[in-house]
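Have the structure open as you read.

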Amino acid sequence: MSILWKVVKVATLLTLGQVLFNVFWDGSSQESGKPEEQYIPPVHQPEQHQPVYQPPPHRPPTSQSYRSSPHRPPSPPEPPKYENDNQTDQPNEYYIGLRARANKEGDEMARCFSESHEAFNRGDGAAAKDLSNQGKNHKQKMEQLHKEASNWIYLENNRDRKPGEIDLHGLYVKEAIAHTDTALAEAKLRGDSEIRLIVGKGSHSEGGVAKVKLAIEELMRKYQLVAEFDTSNSGVLVVELNGR
């Protein structure tokens, strides 16, 4: 019995070994029969980037350039009509403003000189000198403003006048004398026989006294020039230049 059991046991082991051998042998042969697949690395595809929007460069709007004209004060408005044109004082805001500023500087000049004198009398020499310098500064500004007003009103009043005739309206006495001297010299250079000086009648002068008219009459006597008022207009002085 024991011998038979051993035979059965051996046969069983042999059968099991054969089965296992067949299984492993067939599997390995099948795998070895297949061609080995070659590894192919994935191809890198670069990313497709959309172009970033770039706004166009900023260009400022074109504008026309104009050549600036030299500054010129506004022309005076049409003067009111009086008995005749030579009585007109040519009122104008620009001109009046210049005169007002000049008068203000004159007031400041007088104040500074007065206070300078007071400081000197009380023995404060430093204050007296400082106030005196301030007064001189105001005096210089006053004279400059009066000169600007004088030149402007003279130019406006005589812009369209023919040579040989000048209008002295709006001028102070010293200013009228200076412009008359210039006009006389120019008339003589042109060879004019006479010059007409519009001095006005003094209707708009303070106290009704024609200061410019009297001063120009005196100037003609000083120059020994024959001068008579126009018979049709007592505000126009006609000066003879022959032989002078």
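Predicted model: local features only at pLDDT ≥ 70, side-chain atom pairs only at ≥ 80, totals over all residues.

Let's begin with H4, which runs over residues 173–190. Its 18 residues reach 26 Å from the first C-alpha to the last, close to the 26 Å expected at 1.5 Å a residue. Just after H4 comes Gly191, with a positive phi of about 80°.

Which residues of H4 are buried? They are Glu175, Ala176, His179, Thr180, Ala183, Leu184 and Ala187. These residues cover an arc of only 165° around the axis, so they sit on the same side of H4. An α-helix has 3.6 residues a turn, so residues three or four places apart point the same way. On the other side of H4, you will find Lys174 and Leu189 exposed.

The buried residues of H4 have several packing partners: helices H2 (93–121), H3 (125–158) and H5, together with strands E1 (165–167) and E2 (194–198).

## Tyr223, in a loop

Tyr223 belongs to the loop between helix H5 (211–222) and E3. It is partly exposed, at a relative accessible area of 32%. Leaving aside residues up to four places away in sequence, Tyr223 touches Asp181 and Leu184; Leu184 is also one of the buried residues of H4.

## Glu228, in a strand

Strand E3 (residues 227–230) contains Glu228. Is Glu228 buried or exposed? With a relative accessible area of 55%, and exposed meaning over 50%, Glu228 counts as exposed.

Not counting residues up to four places away in sequence, Glu228 touches Val236, Leu237 and Val238. Val238 is ten residues from Glu228 along the chain, yet their C-alpha atoms are separated by 5.4 Å.

Conventions:
Residues numbered from 1 in each chain as written. Heavy atoms only, no water. Helix = DSSP H or I, 4+ residues; strand = E, 2+ residues; numbered from the N terminus. Buried < 20%, exposed > 50% of the residue type's maximum accessible area, 1.4 Å probe, protein only. Contact = heavy atoms within 4.5 Å. Expected span 1.5 Å × (residues − 1). Arc of directions from axis to C-beta.
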